[in-house]
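Take a look at the ligand and the space around it.

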Amino acid sequence: MSTENVKQAVKEKYGQVALRVIQGRSSCCGTAPRLEGCPDPITSNLYDGSQASQIPAEALLASLGCGNPTALAELKPGETVLDLGSGGGIDVLLSAKRVGPTGKAYGLDMTDEMLALARENQRKARVENAEFLKGEMEDIPLPDNSVDVIISNCVINLSADKDRVLREAFRVLKPGGRFAVSDIVVRGEVPVEIRRNLELWVGCMAGALAEKEYLAKLTKAGFEVVSIEPTRVYRVADARELLSSQGIDVDAIAPLVDGKFMSGFVRARKPTPSS
Ligand SMILES: C[S@@+](CC[C@H](N)C(=O)[O-])C[C@H]1O[C@@H](n2cnc3c(N)ncnc32)[C@H](O)[C@@H]1O
């Protein structure tokens, strides 16, 4: 698939997801079309009660992440945060509360329906220090050196040009700025055919990088202190239904795939002139 085709497919998929939420139905990645009323093992139970109580129910319903970047990133009052692929806006609204009235949280998304949903959630949450921008993370519509922290939740894996996303993230971060992103990551070797089927399962998250590849790309983009911390490791049992429905002998492949996909928290820093 060309980069443009990937973007078009992603836009259509998330446009439909946003409309489902606007109609009062749940979002969901993974096997969502067949499983009405998920939670699925990837997006479920990511936010605790104290976070959920700060945002409108619709923002939580629209959550399509695979982690909780605002819980793991250290956000300080007065900072500027940018969320790549902000979806229904959950992490932007939580960030805006953390950085307070002297700070600002931007959400960036390319899908009109998601932007509409996020802006409506912002209105309901009465959050004023947030702004949702239309655009692509491969071409971020913000100036150089303007952001303290980049967060993202299960979006970079969707890009067909991850090097470009990481270069753009590096460009907009201030020196010393932090990259603090939740993403799906592949650990070790997974046979190509099986990987394709697993990516089907993770639906929203196809295109995951291997751990080593991710770290190498961050370093190539100029980042330092790069690391990936596992936050949720997926077991073959989580994907059993989908793999069986594809005619795959799950027990036979279990040793090859069990625990090979994980949600990880990816950290990196833009160097300062003195570092
Ligand atoms: C898996 S959802 C995650 C949404 C949100 N981060 C969350 O945790 O609920 C992916 C979102 O990223 C957006 N997206 C995907 N690729 C993008 C790109 N290249 N540039 C900007 N937004 C993108 C989609 O429109 C969608 O809203």
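An oxygen atom of the ligand lies 3.3 Å from a polar backbone atom of Gly-65. A polar contact here is a pair of N or O atoms within 3.5 Å. A ligand nitrogen atom is 3.0 Å from a polar backbone atom of Met-137. A nitrogen atom of the ligand is also 3.0 Å from a side-chain N or O atom of Glu-138. The protein covers 99% of the 600 Å² of accessible area that the ligand has on its own (Shrake-Rupley method, 1.4 Å probe).

This is a predicted model: local features need pLDDT of at least 70, side-chain atom pairs count only at pLDDT 80 or more, and totals for chains, interfaces and linings use all residues. Residues are numbered from 1 along each chain as its sequence is written, and side-chain values use heavy atoms, with hydrogens and water left out.

Around the ligand there are 22 residues (a heavy atom within 4 Å). Leu-64, Gly-85, Asp-109, Thr-111 and Glu-138 come nearest. By class, this shell has ten nonpolar, eight polar and four charged residues.

The largest cavity has a volume of about 440 Å³. Its lining counts 34 residues, with Gly-85, Ser-86, Asp-109, Val-155 and Leu-158 nearest the centre. The largest share, five residues, comes from α1.

Notes: A polar contact is a pair of N or O atoms within 3.5 Å; within protein, one must be able to donate a hydrogen and the other to accept it, and residues adjacent in sequence count only if both atoms are side-chain atoms. Ala, Val, Leu, Ile, Met, Phe, Trp, Tyr, Cys and Pro count as nonpolar, Asp, Glu, Lys and Arg as charged, and the others, Gly among them, as polar. On a 1 Å grid over the protein atoms alone, a cavity is a set of points where a 1.4 Å probe fits but cannot get out, and a pocket is an open set with protein on both sides within 12 Å along at least five of seven lines; lining residues have an atom within 4 Å of a point. Grid points are joined across faces, edges and corners, and a volume is the space filled by probe spheres set on the points. Helices (H or I, at least four residues) and strands (E, at least two) are DSSP runs, numbered from the N terminus.
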